[in-house]
Amino acid sequence: MKDSCFALNRAIALDIPYIGDNDPAVDEELDKLINYHGGSVDSSSDILIRVSLDTVVNAEFQDEAYNLNIRPQSIDIKASTLRGAYWAVQTLWQLAEDNSLSVNCGEITDWAAFRVRGYTHDVGRGFIEFSELKNQIDKLSRYKINTFHWHLTENQGWRIESRIFPQLVADESFTRLHGKYYTIEQAKELVWYANRHGMTVIPEIDMPGHSQAFRNAMGHSMLTPEGLDEMKQIMTEACETFAETPWMHIGTDELRTEDRGTLDWTSFVPEMVSHIRSKGKKVVSWNPGYSYSPADIDMIHMWSSSGRPIAGVPTIDSRYHYANHFDNYADIVSLYKCNIAEQEKGSNQYAGVIVSFWNDRYLPSDDAIIRQNSLYSSMLAIAERAWLGGGDGYFPKVGTILKESDTDFFDWENRFLYHKAHYLNNEPIAYVRQANVKWRITDAFPNHGNLTASFPPETSGIDDSYIYNGEVYGVADALGAGVYLRHVWGTLVPGFYNNPQPNHTAYAYTYVYSPIEQPAGLMVEFQNYSRSESDLPPAQGKWDYKESKIWLNDMELVPPVWENVHSVKSNEITLKNENLAARKPIPVTLNKGWNKVFMKLPIGAFSQNEIRLVKWMFNCVFTTPDGLDALDGLVYSPDKQVDNQGD
């Protein structure tokens, strides 16, 4: 039995309980699985895949648990729910990837550590085409992501049709992406499509803040008697539109002066919660936001480091999960390594996690939103963490630093890169292997605000330590294609330096062995532009506003020509090629043998007029010339050691 397998490339019968039109499509997934691997579904076959709904023995959490028993002539799937059975089929998909036409025999009992494993798209500030939303549901359900939080309304636009108040989606009500919204029929279809893929949609109609689009359309604030009445009508319609999902998110965060009216939100919010509950919905609200008592809300959604649970109320964690601030490499390490809500596993209090993709800054396309926000690497990292539970600690403890001992992350990276090359091969993913990328970084030298000042590593060459003004400056090892010397969230999330200070200059270096002389691409940046900032582009000829520099074999590399040249901050000017994910890598030639990479990393103030949140960081890795993959056969070693390199 140990060495045998269940072949998929033959006629196979299915025995599945009745599946309703709004239930996870276990039958369709099995049919796709079998046909993809060369088989066919044939009810007369004596080869059988059977699904039964029952308690899963030895599973700690029952809701999505399954038992998968694979024998040479049959597969038995036992699950507590159809959603659990759907996840069992996704496991079969992944098992089949190892053997192509078969899955190894054996038995698996599996369950989710957290019952909410999801993602947010802010389509109020931006817009994602309907077909792309469905594509992401299709792709992410393969990894047991089960929640899509659909942030539908914002200052810039009301993105869900209303037949009661059609002016909400009239062109003049939008300040960005005029006329881009989803119809009621599309909303219903997306909920159905998500349900069929084991995923729950949580729509959000943000109130009473973030509501400029409402004021544009209606001529007054939500916080007025007429606004309250209109919002009740709108939410009645929305509850009918989203009839097949149990949840409704109402926002309630960041109420600003311009949102206010004649009513106080302490009367508005409870009345809206009561109204929505009367329509059969459970209500989700942000924290920090409106202050609820436990009986007055059904779920809390924590955001920012100030987010706090309410005792007895289920809680979703999004506190440090804002991927719009992430870089492509170091933050993925953090996302994978850190536990959820400071918990090892879920409970009645701690429901799970949602990774959020907010785009205050206008991004011009679906591709830009996906690529620059590292959607797939972020989601596959959190999919595994949320399903398995555990982790090394929470973000303020673990930080972003990759270590040689992080073997779980290295294993995840191998799996992710496999899926990038296969199931996700048509998706825009700007991530290549980083487990083998090794650096040495100096202690930081005080530059006293002179960002162009030079120090011994630059003037005297690479060494194990340096004397400067009578002080000894050492070096330390670092790992990965992305390193934060100081994180975008400051010391809340630890970086390379324990106590980073402004007005300092660091240096990083490594040697890269190439078996042949060859063309390569270099993915490099020194300030990853958050998608929520109106930061100015670098000046032409400069990498950033910090005077960062990079040399390859002692020849300085110049930055690309920046497509943006504006000098006045605006969220309405699209991010173009400021981020490495949005541009082709720098074309370089690697010599046969060892190649020296040397970087100068100054920092002035941690916040500037040009850049609000300065990231003292670098991303640097060699790729194929097109930037799609890591370059094979390279060895990164500050000591020029070929042995003991990662695969």
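The predicted model contains 41 aromatic pairs, where rings of Phe, Tyr and Trp (its six-membered ring) pair if their centres lie within 6.5 Å, planes under 30 degrees apart counting as stacked, over 60 as edge-to-face and the rest as tilted. One of them, Tyr320 with Phe395, is stacked, at 5.3 Å centre to centre and 20 degrees between the planes. Tyr320 lies in the loop between β15 (315-318) and α8 (330-337) and Phe395 in helix α11 (residues 395-398), so the pair ties together parts 75 residues apart in sequence. Tyr320 is buried, with a relative accessible area of 6%, and Phe395 is buried at 3%; buried means under 20% relative accessible area, exposed over 50%, and partly exposed in between (1.4 Å probe, protein chains only).

As a predicted model, it is held to pLDDT of at least 70 for local features and 80 or more for side-chain atom pairs, while totals for chains, interfaces and linings use all residues. Residues are numbered from 1 along each chain as its sequence is written, and side-chain values use heavy atoms, without hydrogens and water.

Helices (H or I, at least four residues) and strands (E, at least two) are DSSP runs, numbered from the N terminus.
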